[in-house]
Amino acid sequence: KIEDEAQRARLREMVSSFKLPEGVGYIIRTASADITKTALASDARYLLNLWDEIKGRGQSAPAPALVYKEQNIISRFLRDHFTSDIQEIVVDTQESFDQVQHFLKLLPVKQRTAKVRLHQGSQPLFNQYRVEEQIEQIYQPKVELPSGGSIVINPTEALVAIDVNSGRTAKDKNFEETIFLANMEAADELARQLRLRDLGGLIVVDFIDMRDQKHVREVEKQVKASMKRDKAKVDFSRISKFGLMQISRQKMASPIQMGSYLICEHCQGRGLI
């Protein structure tokens, strides 16, 4: 589905420069549209190591034998989300611990920096790291920001509206600075919430009005920097004179709320008494 010929040629050229073994072909998937050469090379290395393992098993195991099956949830998750800047992976069962260790062994040596730790505390793993709390929060429209402001996320039929509120920060003495701080925190948090909630399509963010153009540029920069971790393709506009920024985010899946909630048959989702 990558239709741009220049991009197709660039990807072909990148893979052609890898030293692939004799008889190995390749298919570049649509997800590789904006991939870097380093990421593509590490993906190729991972697949070649996996293929060697399959071949070895196929040649040595007494038939009939299983030589490969689709990976379990842990390996699939690591395959899709693992990056070399992850320092620690915490698991709560010995079986998970072994699976993570096995996954890391397949990676190139330079990328094996992550440590695996078996959680053995009295509290369950998700409670200790407040994961349950954060899962609950992704269904709430309002997300609190560290300095007292908040963002309100409202998905509609046509777009996702995100409103930034200053809260108690606006009552501080240096009004312009506190507004800037609330907007900077919102820029960081909204990128995280879009990933957590799987929100795609057109997103309109209503930042609090800033008089200083330097602050406006800083907030734009912060949005771009925060979106770098996103695997979906993202495009954004500048902040308009009304304080609005438009973001277009590739739809990876349906919003997470759709998998957990049904629209109320009585109010059709209006939800007011």
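**Salt bridges, pair by pair**

A: Let's start with Arg211, which counts as exposed because its relative accessibility is 69%. Please keep in mind that this is a predicted model. The side chain of Arg211 forms a salt bridge with that of Glu176, with an N to O distance of 3.7 Å. Glu176 belongs to helix H7 (residues 175-197), while Arg211 sits in the loop between strand E6 (201-206) and helix H8 (213-227), so this pair ties together parts that are 35 residues apart in sequence.

Glu88 and Arg117 meet through their side chains in a salt bridge of 2.8 Å, N to O. Because Glu88 is in strand E1 (residues 88-91) and Arg117 in strand E2 (residues 115-118), the bridge links parts 29 residues apart in sequence. Glu88 has a relative accessible area of 42%, so it is partly exposed. Arg117, at 32% relative accessibility, is also partly exposed.

Now for a pair inside one helix. The side chains of Glu53 and Arg57 form a salt bridge, again at 2.8 Å from N to O. Both residues lie in helix H2 (residues 37-60), and because they are 4 residues apart there, about one helical turn separates them. Glu53 counts as partly exposed because its relative accessibility is 24%, and Arg57 counts as partly exposed at 32%. As for the total, the structure holds 10 salt bridges, and the ones described here are among them.

Helix H3 (residues 73-81) and helix H4 (residues 94-105) have axes that come within 9 Å and cross at roughly 40 degrees. H3 is therefore oblique to H4. The crossing of H3 past H4 is right-handed. On the H3 side, the residues in contact are Ile74, Ser75, Leu78 and Arg79, and they meet Ser96, Gln99, Val100 and Phe103 of H4. Sorted by class, this contact has 4 nonpolar, 3 polar and 1 charged residues.

Terms used. Residues numbered from 1 in each chain as written. Predicted model: local features only at pLDDT ≥ 70, side-chain atom pairs only at ≥ 80, totals over all residues. Heavy atoms only, no water. Axes fitted to C-alpha atoms, helices over the stretch in contact; angles between N-to-C directions. Helix = DSSP H or I, 4+ residues; strand = E, 2+ residues; numbered from the N terminus. Parallel < 35°, antiparallel > 145°, perpendicular 65-115°, else oblique. Left-handed = near helix turned anticlockwise from the far one by under 90°. Contact = heavy atoms within 4.5 Å. Nonpolar A, V, L, I, M, F, W, Y, C, P; charged D, E, K, R; others polar. Salt bridge = Lys/Arg side-chain N within 4 Å of Asp/Glu carboxyl O. Buried < 20%, exposed > 50% of the residue type's maximum accessible area, 1.4 Å probe, protein only.
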